[in-house]
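Please look through the sequence and the model shown here before reading on. The text after them goes from the whole chain to a single residue.

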Amino acid sequence: MFGSIFYNLWGALIAFSIYFFSTFQKPSTPLRIIISSFVVAIIVFIAMYIVRFLIAYIMFTPEANEEVDEDDLTDDELDATDGAKQEAPAVNSTVEFQDENSEEIAQVVRTMMNREEEQQVNA
């Protein structure tokens with residue numbers, strides 16, 4: 001849900017204040033004005049949950065690249081995804097390293113640096 005409960009509290013406080021000051025000059029008993037102001041504040045407090053939900057629903061953006069868990073796929077779907085991976089390599093190079101641990105990545109970087117140093121020394 002968007003925001004926190006403080007949005008509900010602020011909405012209730014503002015609704016209470018507006019209703020209270022708008023009906024304060026009318027010829028009504030003060031107790032009736034205060035009770036009706038509290039009723040309006042409670043209604044707005046509950047209505048703010050709906051408003052916050054709608055704002056969160058409107059602002060929700062699903063992940064564009066949701067990865068499929070291979071355990072949930074059937075054999076035919078696995079073959080299809082393997083073929084798609086072989087035909088078109090990943091554009092983003094960080095995708096390759098998601099499944100490897102950090103020590104393996106560090107080792108690859110070290111070997112690449114050693115090769116670069118050797119090439120500079122030999123040149």
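Predicted model: local features only at pLDDT ≥ 70, side-chain atom pairs only at ≥ 80, totals over all residues.

Residues are numbered from 1 along each chain as its sequence is written, and side-chain values use heavy atoms, with hydrogens and water left out.

The protein has four helices and zero strands, in the order α-α-α-α along the sequence. Helices (H or I, at least four residues) and strands (E, at least two) are DSSP runs, numbered from the N terminus. Of the 123 residues, 10% are buried, where buried means under 20% relative accessible area, exposed over 50%, and partly exposed in between (1.4 Å probe, protein chains only). The accessible surface, from the Shrake-Rupley method with a 1.4 Å probe, is about 10900 Å², and carbon and sulfur atoms hold 62% of that surface.

Helix H2 covers residues 30–59, which is 30 residues. The expected span is 1.5 Å times one less than the number of residues, so H2 should span 44 Å; its end C-alpha atoms are 42 Å apart, which agrees. Its buried residues are Ile33, Ser37, Ala41, Met48 and Arg52. Helix H1 (5–23) is part of what covers them.

Tyr19 lies in helix H1. Because its relative accessibility is 29%, Tyr19 counts as partly exposed. Leaving out residues up to four places away in sequence, Tyr19 touches Ser36, Ser37 and Val40, a contact being heavy atoms within 4.5 Å. Between Tyr19 and Ala41, 22 residues apart in sequence, the C-alpha to C-alpha distance is 8.7 Å.
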